Amino acid sequence: MRLSRYYAPTLKEDPADAEVVSHKLLMRAGMIRKLTSGIYNYLPLGLRSINKVARIIREEMDRAGAMEVLLPMVQPADLWRETGRWDYYGKELLRLNDRNGRDYCLGPTHEEVITDLVRGEIKSYKQLPINLYQIQTKFRDEIRPRFGLMRGREFIMKDAYSFDKDEAGAEASYWAMFEAYKAAFARIGLRFKPVQADSGAIGGDFSHEFMVLADTGEDTIASCKSCEFGANLEKARVVLPEGTPNASGTPCPEIEARATPGAKTIEEVCTFLSVEPQKLIKSLLLTIDGEETVLALVRGDRELNDIKLRNLVGGNEIEMADEATVQEKTGAPVGFAGPVGLPEGLRIFADQELCTGTDWVVGANKADTHLLHVSLERDCTIEQFADLRVIEETDPCPECGGEVEFTKGIEVGHVFKLGLKYSEKMEATFLDENGKSKHMIMGCYGIGVSRIVASAIEQNHDENGCCFPPSIAPFEVALISLGGKDQDVADKAEELYTEIMKMGIDACYDDRKERPGVKFADADLVGYPMQLVLGGKGLKNGIIEAKDRKTGEKSELPLEGFAEAFVAWRKKIWSQWGLDL
């Protein structure tokens with residue numbers, strides 16, 4: 001492609017509303033343009049990268065035995081009502097009506113649609129297993145879309161759905177997709193890590209996220225320095241170190257009420273009573289699905305993991321109770337709630353770590369008052385002790401006991417074991433070998449195709465622009481002619497461009513009537529992995545300058561025997577990304 005005829009409108013300055021690196025560079029490099037909040041036009045350069053990502057994903061999905069379909073983006077509400085998600089999904093689901101007043105939505109995901117398709121076609125165990133996937137536009141009406149393609153409302157996604165006759169088959173389908181994802185992300189050239197994750201709104205009882213490792217990532221990953229354990233903070237289990245004592249039966253002095261005027265926070269109470277945060281218990285009142293209220297207890301220097309609590313208690317949505325609810329349930333203002341003397345019926349859940357100590361300080365359920373010398377075993381009715389807190393770097397690895405470290409990541413893929421969540425509600429059944437009707441066991445597997453392009457930039461950029469892996473760069477090679485009016489240089493550049501294209505290599509030819517500085521700046525900004533620069537001096541000396549965008553290293557390739565030298569240099573560029581040609 002000749003850039004003199006190409007639509008690639010680059011910008012010199014960062015857009016005012018761009019917050020993260022990928023958003024700034026995608027805009028500046030002429031790859032996307034904003035239409036409205038969270039919705040973008042994909043320009044030719046951007047679409048080329050997206051299509052390259054999609055091609056790699058398709059190849060790995062096909063290799064794993066999945067088959068491509070294309071499902072409607074507009075979905076009838078009746079399907080969502082069958083699963084109960086029409087009401088549960090909330091305001092992220094963009095609802096609309098047709099001319100007859102029937103309810104529809106723009107698909108944020110396609111579990112209902114694919115289950116409806118398969119239940120109408122699959123009748124026998126002989127037709128299973130089956131795995132269907134699509135690459136298509138999704139829409140989620142984010143409350144605060146931001147970060148360009150990282151968290152937009154409209155985005156391109158690959159979603160696959162497996163259907164199996166038994167648990168063994170579902171397990172095999174899950175791990176086949178897991179391995180296909182690893183292969184796809186490795187071929188793209190990303191540094192990534194699969195981690196254990198919470199299933200969230202999709203549902204299911206087991207899942208992994210695939211995280212692109214980047215300092216600018218929104219998610220924090222807990223991983224082990226000694227084994228392959230990795231999990232996001234929502235999912236990461238906390239285990240007590242070996243040999244941790246249980247304080248059951250340990251003597252504790254009688255409760256003492258102590259006035260603590262105005263001391264609501266952990267820090268204020270510690271200062272007032274001259275105690276360490278490890279001796280306090282946080283008493284947190286939360287509501288489940290806006291209905292049931294529960295009390296969660298964690299040590300004063302720890303943070304509650306509300307996802308763990310939600311999974312323990314059940315329900316879909318969990319949030320902190322408002323001031324009025326706290327006052328109603330405990331009789332005290334916020335900051336003075338505690339687990340002693342609460343009304344019957346209020347369920348109390350405590351973090352497992354609280355079993356290892358006694359003689360706690362808690363809120364007294366009375367304004368400006370705390371209780372000292374509280375024993376949870378003696379003075380409270382705890383429904384269950386469980387892992388309820390956020391893991392910390394000082395905690396041991398839950399798999400091997402090794403040292404845990406935190407890194408930042410960007411979620412680009414998620415694989416789920418759905419089980420019977422959708423097939424039972426939508427009666428997706430088949431007849432087994434004995435003629436008995438059974439529900440299909442499902443799995444769900446998503447990849448954010450457009451997000452991968454943004455993530456690749458977040459992971460690979462410098463002060464001059466993008467540094468794309470060669471597998472997904474808009475063009476793998478940029479040939480830059482500096483001949484100006486020198487026809488000999490122009491003719492040789494044309495000859496080289498034709499030669500590269502005949503090799504089947506993806507290249508663009510910068511033949512624009514622009515100053516060399518402009519051409520160099522644009523090539524770095526877009527992030528072409530390989531840059532070839534031909535000028536009058538190089539032509540005279542029989543060489544062309546070759547630049548590695550990732551390292552900035554420059555070398556010279558001979559014009560005589562160019563093809564052989566270029567192929568060797570190109571192989572070197574790919575290999576430094578860990579990629580095979």
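Predicted model: local features only at pLDDT ≥ 70, side-chain atom pairs only at ≥ 80, totals over all residues.
**Figure 1. The whole chain, before zooming in.** The chain holds 16 helices and 31 strands. Its C-alpha trace spans about 95 × 65 × 50 Å along the principal axes. Of the 581 residues, 52% are buried. Take the contacts in the chain with a separation of 6 or more: 69% of them link residues 24 or more positions apart. The exposed surface comes to about 26300 Å², with carbon and sulfur atoms supplying 49% of it.

**Figure 2. A three-stranded open sheet with the order 4-6-5.** The pairing here is antiparallel. Strand 4 (74-76) and strand 5 (95-97) sit at the edges with a single partner strand each, so one side of each has no neighbour in the sheet. From one strand to the next, the twist averages 40 degrees. As a reminder, strands of a sheet pair through backbone hydrogen bonds, either parallel or antiparallel.

**Figure 3. Strand 17 and its parallel partners, strand 15 and strand 20.** Strand 17 (residues 347-351) has four of its five residues buried, so the rest of the structure largely encloses it. Strand 15 (residues 292-299) runs parallel to strand 17, and four bridges join the two. In that pairing, Leu297 is opposite Ala350 of strand 17. Strand 20 (residues 384-386) also pairs with strand 17 in the parallel sense, over three bridges. Here Phe349 has Gln384 of strand 20 as its bridge partner.

**Figure 4. The largest nonpolar core, with 61 residues.** Phe185, Ile452 and Tyr528 are the residues with the most contacts inside this core. Helix 6 (residues 167-188) gives the largest share, eight residues. At least three residues come from each of domain 1 (17-210 + 415-458) and domain 3 (475-576). For background, nonpolar side chains tend to be buried together in soluble globular proteins. A second, separate core has 26 residues, including Ile114, Leu128, Phe163 and Leu418.

**Figure 5. Around Tyr528.** Which residues is Tyr528 in contact with, leaving aside its neighbours within four places in sequence? They are Leu3, Leu45, Phe475, Glu476, Ala478, Cys508, Asp522, Ala523 and Arg549. Tyr528 is also one of the residues with the most contacts inside the largest nonpolar core.

Figure 6. Most residues other than glycine have a negative phi, and most peptide bonds are trans. The bond from Leu128 to Pro129 is cis, with omega near 5 degrees. Pro129 belongs to the loop between helix 5 (111-119) and strand 7 (130-139), while Leu128 is part of the 26-residue core. Next comes Phe147, whose phi is positive, near 65 degrees. Phe147 lies in the loop between strand 7 and strand 8 (154-164). Is Phe147 buried or exposed? With 15% relative accessibility, Phe147 counts as buried, since the cut-off is under 20%. Finally, Glu427 also has a positive phi, near 50 degrees. You'll find Glu427 in the loop between helix 11 (421-425) and strand 22 (429-431).

Key:
Residues numbered from 1 in each chain as written. Heavy atoms only, no water. Core = buried A, V, L, I, M, F, W, Y, C linked by side-chain atoms within 4.5 Å. Buried < 20%, exposed > 50% of the residue type's maximum accessible area, 1.4 Å probe, protein only. Domains from an automatic or database assignment. Contact = heavy atoms within 4.5 Å. Pairing = 2+ DSSP bridges. Axes fitted to C-alpha atoms, helices over the stretch in contact; angles between N-to-C directions. Areas by Shrake-Rupley, 256 points an atom, 1.4 Å probe, with all protein chains shown as cover.
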